[in-house]
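Q: Could you take me through this structure feature by feature, giving the general idea of each reading before the case itself?

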Amino acid sequence: MELVTLVELDGVTKNVLLPDDSRLEILRGIDLAVAAGDHVSIVGRSGSGKSTLLNILGMLDAPSSGSVSFRGDLVQRMGPAKLDRLRGRNVGFVFQQFNLLSGRSALENVAMPLSYAKGREYWSRNRVAAEMLDRVGLSHRIESPPEQLSGGEQQRVAIARALVRRPALILADEPTGALDVETGGAVMTLLDDIASEADAALVTITHDVHVAARARRHYRLEHGVLSPVELDLAFRETALGAIAEAEAGA
Ligand SMILES: Nc1ncnc2c1ncn2[C@@H]1O[C@H](COP(=O)(O)OP(=O)(O)OP(=O)(O)O)[C@@H](O)[C@H]1O
Ligand SMILES: [Mg+2]
């Protein structure tokens with residue numbers, strides 16, 4: 001199958017100035033191309049720059065140097081309004097800190113990305129959001145605001161919100177970090193299913209080998225450098241087997 005590049009990073013660096021005036025090089029010369037239908041996992045130690053990289057892939061943050069293109073268009077040449085539209089239409093983020101709106105119901109949170117859509121997508125937003133909440137197993141909690149939900153329930157609301165607009169690019173930062181093995185397996189299956197239904201690209205940051213094993217390609221971020229890594233085949237089969245068992249038992 002021919003894979004069409006969706007988002008591409010070329011020589012991306014990210015530096016920040018620390019309060020003591022020293023410069024922190026978070027990312028150093030990252031090259032990465034992610035195609036429609038691709039599934040990439042990224043691992044790396046805490047503080048290695050994974051979330052920073054994901055924010056750049058999702059066009060929420062700009063690199064210090066290097067370029068980002070989306071469907072062949074250079075992001076740095078786009079104005080803010082165009083960029084907001086492009087991101088809203090095409091990128092689904094599962095943030096590490098969930099970033100849900102407090103005081104708003106789960107349904108309102110999940111329907112939020114659709115409130116910027118037009119026509120049928122807009123008018124059907126509550127029904128579509130309710131369906132997505134059902135798929136993450138929260139149909140009984142659609143009226144509850146995040147502060148009344150457990151960490152894992154909030155994570156599932158955040159995942160429903162990321163998927164509700166069927167984005168072309170799904171970026172998930174530790175999507176199962178707050179979930180038990182069974183719920184995590186079910187949620188990853190949902191991410192995979194929605195991604196393949198829409199031929200979306202999925203980039204997953206994870207510390208969980210079961211989650212990493214679901215990806216087609218694997219990378220490690222270390223000292224600001226991104227390198228491809230192989231998941232050992234035997235380990236990969238064991239990890240997938242464990243997921244299948246967990247799902248069969250669910
Ligand atoms: N705006 C900023 N100003 C200063 N330092 C920053 C900024 N953003 C990120 N950093 C630093 O850059 C490094 C990478 O941060 P990042 O959040 O990308 O790490 P991470 O790999 O996602 O870590 P974790 O696994 O803990 O989530 C950290 O040392 C962080 O403190
Ligand atoms: Mg992070």
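Q: What radius of gyration would a compact globule with 250 residues have, and what does the chain have?
A: The radius of gyration is taken over C-alpha atoms, and the globule rule is 2.2 Å times the number of residues to the power 0.38. For 250 residues a compact globule would come out near 18 Å, and the chain has 18 Å, which agrees. Along its principal axes the C-alpha trace spans about 50 × 50 × 45 Å. This is a predicted model, in which local features need pLDDT of at least 70 and side-chain atom pairs count only at pLDDT 80 or more, whereas totals for chains, interfaces and linings use all residues. Residues are numbered from 1 along each chain as its sequence is written, and chains are lettered from A and ligands numbered from 1 in the order in which they are written.

Q: How many helices and strands are there in the chain?
A: Helices (H or I, at least four residues) and strands (E, at least two) are DSSP runs, numbered from the N terminus. By that reading the chain has nine helices and 10 strands.

Q: In what order do the six strands of the open sheet stand?
A: Two strands pair if DSSP finds at least two bridges between them, and in a regular strand the side chains alternate between the two faces of the sheet. Here the six strands follow the order 6-7-8-3-9-10, with mixed pairing. Strand 6 (91-94) and strand 10 are at the edges with a single partner strand each, so one side of each is left without a neighbour in the sheet. From one strand to the next the twist averages 20°, where axes are lines fitted to C-alpha atoms, for helices over the stretch in contact, and angles run from 0 to 180 degrees between N-to-C directions.

Q: How do helix 6 and helix 7 cross?
A: Angles under 35 degrees count as roughly parallel, over 145 as roughly antiparallel, 65 to 115 as roughly perpendicular and the rest as oblique. The axes of helix 6 (residues 151-163) and helix 7 come within 11 Å and cross at roughly 5°, and the two helices are therefore roughly parallel to each other. Residues are in contact if their C-beta atoms, placed from the backbone, lie within 7 Å; helix 6 contributes G152, R156, I159 and L163, and helix 7 contributes T183, V187, L191 and I194.

Q: In what order do the four strands of the other open sheet stand?
A: The order is 2-1-4-5, and the pairing is antiparallel, with strand 2 and strand 5 (73-74) as edge strands that pair on one side only. Strand 1 (residues 5-17) and strand 2 are joined by nine bridges, and V7 stands opposite V34 in strand 2. Helix 1 lies across strand 1, strand 2 and strand 4 (65-70), at about 130° to strand 1.

Q: Which residues are around ligand 1?
A: A residue is near a molecule if its C-beta atom, placed from the backbone, lies within 6 Å of it. Around ligand 1 the residues include V16, L24, I26, K50, S51, T52 and Q96. Strand 2 (23-35) and helix 1 (50-57) each supply at least two residues of this shell, and helix 1 gives the most, with three.

How values were computed: Contact = placed C-beta atoms within 7 Å.
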